[in-house]
Amino acid sequence: MDTKRLRAVRTAKCGNPLASTRTPWRVDQMRERIVKHLERMLARDPQSAELRDWWLADVYTLRDRILERFIATQRAQHSAKCRRVYYLSMEYLMGRLLRDNLNNCGLFDLNREALRQLGISFEKMERMEPDMGLGNGGLGRLAACYLDSLATLNYPAVGYGIHYEFGMFRQEFRDCRQVEMADNWLIYGNPWQILRAENVQEVRLYGSVENHCDGKGNYRPRWVGGALLRGVPWDIPIVGYGAETVNFLRLWEARATCDLDLDDFNRGNFHEAVDAKVLVETVTKVLYPNDSSVEGKALRLIQQYFLVSCSLRDIIRRHRNSGGDWDQFTEKVCIQLNDTHPTIAIVELLRILVDEEAVDWDRAWGIVTSTFAFTNHTLLPEALEKWSIALFEYILPRHMQLIYEINRRFLEKVAVRYPGDLEALRDLSLIEEGPVRYVRMGNLAVVGCFSVNGVAAMHSELVKTSLFPRFYAMGPEKFNNKTNGVTPRRWINSANPRLAALLNGAIGPEWVTDLDLLRNLEPFANDLEFRNDFARMKLQNKTDLANALEVRCGVTVNPRSLFDVQIKRIHEYKRQHLKLLHILTHYHRLLNGTAKDATARTFIFGGKAAPGYAMAKHIIHAINLVAEQINGDRRLSDRMRVAFCPNYDVSSAMAIVPAADLSEQISTAGMEASGTGNMKLALNGALTVGTLDGANVEILQEVGENNIFIFGHRAEQLEKMRRTGYDPRSFYEGDEELKAVLDWMFSDAFDRPGEFNPIRHVADSLLNGGDRYFLLADYRSYVDVQDLISKYYANQELWYSMAIINVARMGKFSSDRAIREYARDIWKIKPLRQG
């Protein structure tokens with residue numbers, strides 16, 4: 001292929017692919033609209049307005065355009081009486097919306113020019129937008145990507161979540177330790193959201209169940225008493241690329257049914273007058289309350305029920321407003337449960353049908369099991385939620401009765417399938433017996449849903465063979481795989497505009513909605529001019545990140561060094577401490593003159609530890625202590641630096657991902673469901689070093705074994721080691737370099753007088769604590785592959801050729817592909833074009 005000729009043709013044709021068909025305004029019109037909103041909505045004079053005022057005015061200007069399309073979309077969907085999917089998730093990691101929405105509307109360049117003429121820098125102004133505090137890790141980011149793809153592909157869909165007042169937390173580092181601060185992301189309001197007060201729902205908690213018979217003598221229990229709270233909906237428009245379809249995300253805020261006890265207030269009991277209101281509204285106060293206490297667990301369960309109760313009533317209301325009844329419900333409604341958190345929806349819909357709608361059990365259960373589909377996101381048994389029966393029964397007494405009845409009927413089928421097999425009954429029961437009895441939400445999800453999918457090919461196989469093997473044997477037809485994906489609109493078009501421009505010039509702009517077209521980039525891996533352009537693009541991104549690291553972390557880094565990146569939630573199975581072992585190994589070699597290469601490295605971390613997860617917080621503390629020592633060691637010059645970015649979020653990822661050279665995907669094999677960070681990084685030209693775990697397996701298949709660095713034991717090998725007995729000390733005794741590094745960690749080299757030493761604690765957990773996640777078993781393979789990586793990086797021509805091939809072969813990992821598969825295989829929905 002003549003890449004020069006192709007590039008010239010594409011460059012002539014590219015530009016903004018939406019500008020000619022979707023731009024409704026000229027620059028002067030947009031400029032005037034921004035000023036109009038500034039003056040009439042915010043009452044601010046352009047001469048004295050601050051950047052936040054300009055941001056708000058800009059959002060309101062764009063929102064006018066979005067709401068036109070939103071109304072048209074909802075009108076078209078209502079008129080068509082189409083089947084919809086309703087996506088229930090406790091998390092949506094949305095990030096900032098302005099840049100994405102401008103790009104999707106084809107207005108970005110026009111908007112930036114309008115602001116420039118007003119004397120406003122778009123890049124400075126957009127920093128005024130906080131990341132929405134609606135999610136934490138990959139689960140929430142995946143949900144956000146899927147909403148983007150649903151709208152872009154014109155599928156009728158509604159997302160449901162919780163309107164958290166505070167995000168999980170804002171992470172700061174003090175004395176190298178993680179400190180959690182309130183993430184008050186709503187302090188200045190949210191101009192994207194729209195209050196829907198007419199659709200408030202009422203939710204009951206606690207109380208008791210009364211035995212009751214209806215007028216025909218049929219048993220109809222009544223759930224009475226307890227507490228009532230209101231769910232107030234806020235809508236966030238979700239703009240598809242091209243802005244043809246604008247769906248919405250509905251978020252529920254908890255409010256008291258009575259804002260003020262006026263009698264108490266008039267008697268002077270001011271605190272008591274608002275106590276009930278304050279207590280109720282804690283339900284949606286914080287994302288992921290610390291559930292190490294009974295009170296925290298209770299709040300988490302209440303949050304989950306609050307979400308599903310409000311959402312189901314809203315779904316039923318929408319269905320009835322379209323003229324539907326229960327006979328058509330499963331034809332028009334499909335509900336996707338994003339992990340086990342919203343699983344109580346199964347029982348809530350059954351309760352509504354049986355108790356409120358007087359539908360007989362068999363028909364009701366038929367409706368339920370034809371409505372819900374379940375996505376599993378974990379292979380860790382402890383992450384499959386379970387609730388103590390005492391707590392569950394106290395908060396949701398009627399639901400507990402229904403779960404017992406669901407379980408009784410299901411176990412009758414189990415007894416037929418496995419006659420006399422008590423172990424099968426124990427494994428498959430919705431109730432875990434023991435000194436403390438629990439409701440198993442994972443089992444409930446499998447029993448109550450018509451589809452159960454994993455999120456990567458390897459993960460889905462392990463779901464069938466390791467996590468739910470007996471369920472799979474009883475109903476193999478409901479198990480399937482839907483490998484995760486990420487949206488290229490966010491993760492290239494918005495996050496990496498330099499790469500987007502390169503792609504547009506080389507292969508045209510159509511890749512934005514058809515990522516398989518990236519395959520056309522592959523010949524450019526051998527094009528010297530394009531390779532140089534790609535390397536220049538990467539260096540510019542790295543220079544931008546280096547400047548940001550100096551500001552945020554106080555660390556000066558060499559942009560030409562290898563940017564070695566591990567950005568994800570902090571957890572032992574994700575093995576940030578294996579990266580720490582490699583850092584210390586590299587440091588030890590440099591100090592002792594035994595380094596095998598001269599490649600300068602910058603190690604970049606980002607991620608939060610759950611407030612109650614002590615070991616994860618020790619790992620952060622240990623990494624920061626080591627970073628402090630390395631960054632202050634003048635003997636190293638600029639050959640090695642370590643930076644841990646505080647308060648990692650979507651906006652941080654959008655700065656780090658485009659600049660990464662090496663993507664660390666080093667979880668213990670068989671424990672990561674999929675991962676999406678691996679996809680984002682590879683899509684932006686970072687080479688992957690990883691275990692055969694999660695979606696790494698499929699990335700290997702796509703990019704080829706010569707363009708990825710795989711190390712470590714396989715899942716089946718580790719399982720055999722678990723069965724036969726794993727002795728981490730044998731790896732310590734058998735590897736001189738590992739022994740030297742661990743001995744160094746045990747020594748006083750990193751001590752601070754009178755302070756706890758997390759580095760020693762991490763080492764002790766590995767050598768004497770069982771090394772549950774097999775770091776020592778994988779250490780040598782990991783260090784050796786890192787030596788190989790350094791050699792490859794030294795050959796820049798080869799490195800960037802591999803990087804371009806990674807970009808070219810990542811088309812499979814688009815969230816558009818994933819959503820098409822969900823729509824075709826599970827949801828049975830079709831795109832609705834509006835003309």
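A strand here is a DSSP run of E of at least two residues, and strands are numbered from the N terminus. With that in mind I looked up Phe-479 and found it in strand β17, residues 479-481. I note at the outset that the model is a predicted one.

**Entry 1: Phe-479**

Leaving out residues up to four places away in sequence, I listed what Phe-479 touches, and the list holds Val-446, Val-452, Val-463, Lys-464, Phe-468, Phe-471 and Tyr-472. I also looked up how Phe-479 stands to Lys-386, and the two are 93 residues apart in sequence and 21 Å apart in space, taken from C-alpha to C-alpha.

**Entry 2: the protein as a whole**

I then stepped back to the whole chain, where I counted 35 helices and 23 strands. The radius of gyration is 28 Å, close to the 28 Å that the globule rule gives for 835 residues, so the protein is as compact as a globular protein of that length. Along the principal axes, the C-alpha trace spans about 90 × 70 × 65 Å. Of the 835 residues, 59% are buried, and the protein exposes about 32,200 Å², with carbon and sulfur atoms supplying 49% of that area. When I took contacts between residues at least 6 apart in sequence, 76% of them turned out to join residues at least 24 apart.

**Entry 3: the parallel sheet**

Which order do the strands of the six-stranded sheet follow? I read it as β20-β19-β18-β21-β22-β23, in an open sheet with parallel pairing. The edges are held by β20 (640-645) and β23 (709-710), each of which has a single partner strand, so one side of each is left without a neighbour in the sheet. At the β23 end, β22 (residues 687-690) pairs with β23 in the parallel sense over 2 bridges, and Val-689 has Phe-709 in β23 as its bridge partner.

I next looked for helices on this sheet. Helix α24 (residues 576-592) packs on the sheet and touches β18 (562-567), β19 (601-606), β20 and β21 (662-665), its direction making about 155° with that of β19. Helix α34 (residues 796-808) also packs on the sheet, where it touches β18, β21, β22 and β23, and its direction makes about 85° with that of β22.

Within β22 I picked out Thr-688, which at 1% relative accessibility counts as buried. Apart from residues up to four places away in sequence, Thr-688 touches Ser-663, Gln-665, Ala-682, Ile-708 and Phe-709.

**Entry 4: the three-stranded sheet**

I turned to an open sheet of 3 strands, ordered β13-β15-β14, with antiparallel pairing. Here β13 (386-388) and β14 (431-432) stand at the edges with a single partner strand each, so one side of each has no neighbour in the sheet. β13 pairs with β15 (residues 438-440) in the antiparallel sense over 3 bridges, and the bridge partner of Trp-387 in β15 is Val-439. Helix α18 packs on this sheet, touching β13 and β15, and its direction makes about 40° with that of β15.

**Entry 5: helix α14**

Which residues of α14 (residues 361-369) are buried? I found Trp-361, Ala-364, Trp-365, Ile-367 and Val-368. They cover an arc of only 155° around the axis, which puts them on the same side of α14. As background, an α-helix has 3.6 residues a turn, so residues three or four places apart point the same way. The buried residues of α14 pack against α12 (329-332), α13 (345-356), β12 (372-375), α16 (397-417) and α18 (441-448).

In strand β6 (residues 201-205) I found a covered face made of Gln-201, Val-203 and Leu-205, and an uncovered one made of Glu-202 and Arg-204. In a regular strand the side chains alternate between the two faces of the sheet. β6 pairs with β9 (residues 227-239) in the antiparallel sense over 5 bridges, and Val-203 has Leu-229 in β9 as its bridge partner.

Last, I looked at β3 (residues 170-174) and β4 (residues 177-181), which pair in the antiparallel sense over 5 bridges, with Arg-170 standing opposite Met-181 in β4. Their hairpin has 2 residues between the strands, and there Asp-175 takes a positive phi near 50°.

How values were computed
Residues are numbered from 1 along each chain as its sequence is written. This is a predicted model: local features need pLDDT of at least 70, side-chain atom pairs count only at pLDDT 80 or more; totals for chains, interfaces and linings use all residues. Side-chain values use heavy atoms; hydrogens and water are left out. Two strands pair if DSSP finds at least two bridges between them. Helices (H or I, at least four residues) and strands (E, at least two) are DSSP runs, numbered from the N terminus. Contact means heavy atoms within 4.5 Å. Axes are lines fitted to C-alpha atoms, for helices over the stretch in contact, and angles run from 0 to 180 degrees between N-to-C directions. The radius of gyration is taken over C-alpha atoms; the globule rule is 2.2 Å times the number of residues to the power 0.38. Buried means under 20% relative accessible area, exposed over 50%, partly exposed in between (1.4 Å probe, protein chains only). Accessible areas come from the Shrake-Rupley method with a 1.4 Å probe; for residues, only the protein chains shown count as cover. The arc is that of the directions from the helix axis to the C-beta atoms.
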